[in-house]
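Subject: Handover of a structure and its findings

Dear colleague,

Please find below the structure that I am handing over to you. The findings follow directly after it.

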Amino acid sequence: MYKLQRLELVENLEKKGITDIALLKALKEVQREKFIPSGVRQHSYKDIALPIGYGQTISQPYTIGIMTQALDVKEGNKVLEIGTGSGYQAALLEKMGAKVYSIERHFDIYNDALNRFDKLGLRVHCKHGDGTIGWEEYAPFDKIIVTAGSPRVPDQLKKQLALSGKMVIPVGDKFSQTLQVLTKIKDDEFEIEDIPEFAFVPLIGREGWKDQ
Ligand code: SAM
């Protein structure tokens, strides 16, 4: 039903600099409208963040594109996502051939995503909990993507990243963040690239912001 709008959105993202072939293919395949509440579904293919309830959002497609492209996902990569939200980002990663592990702190959002993955036949390993402490049991991860804004890079996530692995995380204050792209060079040494000016909902947890 939304196929034409979806292709138009992907074409626009391509013009704005999203060139990763596997990502573009996944963006063309995954139906964003399936991850969006009925009240705002008609806006599924606008390049904007949309509310998913409980004060949370599904991120803007361009932002998702930039983050996923920076992550440099390869087929078979083990990817940890912090902040499952609607599940759209995880669905894209799965379509790109990654083994996806995703953590969500809000129980109702976690539950909705779980049901959605089940219904859409997507293989995503989900956990309800505080993603700032990672998922030790399945570490190390080739890639880690944090989809909420954090005051700093959580130590546990640094530890759980594989050597040569990449992490993409928005770091800053509660209103504006820089996307940091970290590449693990040695055990405790990272190369850091900054992509400025993004705004995410806060990462709340032991190594994130404190819950009000
Ligand atoms: N990736 C999501 C998507 O595709 O819809 C977008 C997620 S939304 C921008 C950020 C999510 O991070 C929210 O659902 C929020 O509840 C969650 N979150 C915030 N702090 C968290 C934490 N410490 N651990 C896990 N999830 C967290």
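Throughout this message, helices (H or I, at least four residues) and strands (E, at least two) are DSSP runs, numbered from the N terminus. In these terms, Y54 sits in the loop between β1 and β2 (56-58). Please note that the model is a predicted one.

**Backbone geometry in the loops**

Y54 is not a glycine, yet its phi is positive, at about 55°. With a relative accessible area of 43%, Y54 is partly exposed. D72 is likewise a residue other than glycine with a positive phi, in this case near 55°. D72 belongs to the loop between α3 and β3, and its relative accessible area of 30% makes it partly exposed.

The peptide bond between A139 and P140 is cis, with omega at about 0°. P140 lies in the loop between β5 and β6.

**Salt bridges**

How many salt bridges does the structure hold? There are seven, and three of them are described here.

D72, already mentioned for its phi, forms a salt bridge through its side chain with K74, at 2.9 Å from N to O. K74 is partly exposed, at 45% relative accessibility.

A further salt bridge joins the side chains of K25 and E29, with an N to O distance of 3.2 Å. Both residues belong to helix α2 (residues 21-29), and because they are four residues apart there, about one helical turn separates them. E29 is partly exposed, with a relative accessible area of 38%.

The side chains of D211 and R105 also form a salt bridge, at 3.0 Å from N to O. D211 lies in the segment after β9 (189-198), whereas R105 lies in the loop between β4 (99-104) and α5 (107-120); the pair therefore ties together parts that are 106 residues apart in sequence. R105 is partly exposed, at 36% relative accessibility.

**Helix α1**

Helix α1 has 13 residues, and the distance from its first C-alpha to its last is 19 Å, close to the 18 Å expected at 1.5 Å a residue. Which residues of α1 are buried? They are R6, L9, V10 and L13. Viewed down the helix axis, the buried residues of α1 fall within an arc of 100°, and so they line one face of the helix. These buried residues pack against α2 and α3. L4 and K15, on the other side of α1, are exposed. After α1 comes G17, with a positive phi near 115°.

In soluble globular proteins, nonpolar side chains tend to be buried together. The largest nonpolar core of this model has 45 residues, and the members that touch the most others are L27, Y88 and L93. Two or more residues of this core come from each of α1 (3-15), α2, β1 (50-53), α3 (61-71), α4 (88-95), α5, β5 (124-128) and β8 (177-186).

What does L93 touch, leaving aside residues up to four places away in sequence? Its contacts are T68, L71, V73, V79, A98, V100 and I145. There is also a second core, separate and made of 18 residues, which includes W135, F141, A148 and L161.

**Strand β6 and its partners**

Strand β6 (residues 141-146) is largely enclosed by the rest of the structure, because five of its six residues are buried. β6 runs parallel to strand β3 (residues 78-82), and four bridges join the two. Within this pairing, L80 has I144 of β6 as its bridge partner. β6 also pairs with strand β7 (residues 161-172), again in the parallel sense and over four bridges. Here I145 has V168 of β7 as its bridge partner. I145 is also among the residues that L93 touches.

With kind regards

Definitions and conventions:
Residues numbered from 1 in each chain as written. Predicted model: local features only at pLDDT ≥ 70, side-chain atom pairs only at ≥ 80, totals over all residues. Heavy atoms only, no water. Salt bridge = Lys/Arg side-chain N within 4 Å of Asp/Glu carboxyl O. Buried < 20%, exposed > 50% of the residue type's maximum accessible area, 1.4 Å probe, protein only. Core = buried A, V, L, I, M, F, W, Y, C linked by side-chain atoms within 4.5 Å. Contact = heavy atoms within 4.5 Å. Expected span 1.5 Å × (residues − 1). Arc of directions from axis to C-beta. Pairing = 2+ DSSP bridges.
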